[in-house]
Amino acid sequence: MKQGHSALLLPDPSILAGPMTYKVLIVDDSKLARMVAVGALSRVRPDWTPVEVGSAAQALEALEDKSIDVALVDFNMPETNGLALTAEIRNLRPSMPVALVSANIQDEIIARARAINAVFLPKPMTDEALSGFLSGATLQLRRQQQ
């Protein structure tokens with residue numbers, strides 16, 4: 001190979017920098033739904049750590065731990081719905097990747113999620129949908145670390 005061309009074949013080290021594992025906050029009042037989300041996470045990102053909570057109040061407490069990187073928030077919860085919680089997360093952590101998860105697939109809810117910069121994931125959550133969201137989240141988190 002000619003000198004100068006070999007650098008084009010090597011990946012940029014900054015792309016690979018940073019942790020390969022992240023903490024995912026899973027917020028759902030249903031223990032079964034949390035178990036399903038944890039199972040999907042363990043299949044698509046086995047090295048990532050789930051942090052399960054059952055309410056918006058518990059989610060806000062968990063977010064005091066600055067090592068939480070990503071959030072999956074159920075829409076339909078008692079006391080505070082997922083959109084309101086996601087808006088609070090945006091105030092606390094504006095750049096955190098957040099997905100609103102719901103079986104209530106209405107255009108208005110999807111539009112409101114997007115308006116607060118959240119991804120909408122329909123329930124039942126598939127491995128493919130979660131993997132797509134987490135791939136985007138990984139890129140976003142790595143950009144923030146640079």
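How many helices and strands are there in the protein? The count is 6 helices and 5 strands. Before I go further, please bear in mind that what we are looking at is a predicted model.

Let me begin with the overall layout. Read from the N terminus on, the elements run α-β-α-β-α-β-α-β-α-β-α. The protein has 146 residues, of which 39% count as buried.

I turn now to the aromatic residues. The structure holds 1 aromatic pair. It is formed by tyrosine 22 and tryptophan 48, in an edge-to-face arrangement, with 5.1 Å from centre to centre and 75° between the planes. The term edge-to-face applies because the angle between the planes is over 60 degrees. Where do the two partners sit along the chain? Tyrosine 22 belongs to the loop between helix H1, residues 13–16, and strand S1, residues 23–27. Tryptophan 48 belongs to the loop between helix H2, residues 31–44, and strand S2, residues 49–53. The pair therefore ties together parts that are 26 residues apart in sequence. Both tyrosine 22 and tryptophan 48 are buried. Tryptophan 48 has a further neighbour to point out: arginine 45 lies over the face of its ring, at 5.5 Å from the ring centre.

Next, the packing of two helices. H2 packs with helix H6, which spans residues 127–145, at an angle of about 65°, and the axes are 10 Å apart. H2 is therefore described as roughly perpendicular to H6, a term that covers angles from 65 to 115 degrees. The crossing in which H2 passes H6 is right-handed. Which residues meet there? From H2 they are Ala37, Ala40, Leu41, Arg43 and Val44, and from H6 they are Asp127, Leu130, Ser131 and Leu134.

Proline 124 is found in the loop between strand S5, residues 119–122, and H6.

Glutamate 79 is not a glycine, yet its phi is positive, at about 70°. It is found in the loop between strand S3, residues 68–74, and helix H4, residues 82–92. Is glutamate 79 buried or exposed? Its relative accessibility is 83%, so glutamate 79 counts as exposed, the cut-off being over 50%. Asparagine 117 likewise has a positive phi, of about 60°, although it is not a glycine. This residue lies in the loop between helix H5, residues 107–115, and S5. With a relative accessible area of 54%, asparagine 117 is exposed.

What separation is found between its C-alpha atom and that of alanine 87? The two C-alpha atoms are separated by 9.8 Å, while the residues are 28 apart along the chain.

Definitions and conventions:
Residues are numbered from 1 along each chain as its sequence is written. This is a predicted model: local features need pLDDT of at least 70, side-chain atom pairs count only at pLDDT 80 or more; totals for chains, interfaces and linings use all residues. Side-chain values use heavy atoms; hydrogens and water are left out. Rings of Phe, Tyr and Trp (its six-membered ring) pair if their centres lie within 6.5 Å; planes under 30 degrees apart count as stacked, over 60 as edge-to-face and the rest as tilted. Helices (H or I, at least four residues) and strands (E, at least two) are DSSP runs, numbered from the N terminus. Buried means under 20% relative accessible area, exposed over 50%, partly exposed in between (1.4 Å probe, protein chains only). A charge sits over a ring if NZ of Lys or CZ of Arg is within 6 Å of the ring centre and within 35 degrees of the ring normal. Axes are lines fitted to C-alpha atoms, for helices over the stretch in contact, and angles run from 0 to 180 degrees between N-to-C directions. Angles under 35 degrees count as roughly parallel, over 145 as roughly antiparallel, 65 to 115 as roughly perpendicular and the rest as oblique. A crossing is left-handed if the near helix is turned anticlockwise from the far one by less than a right angle, and right-handed if clockwise. Contact means heavy atoms within 4.5 Å.
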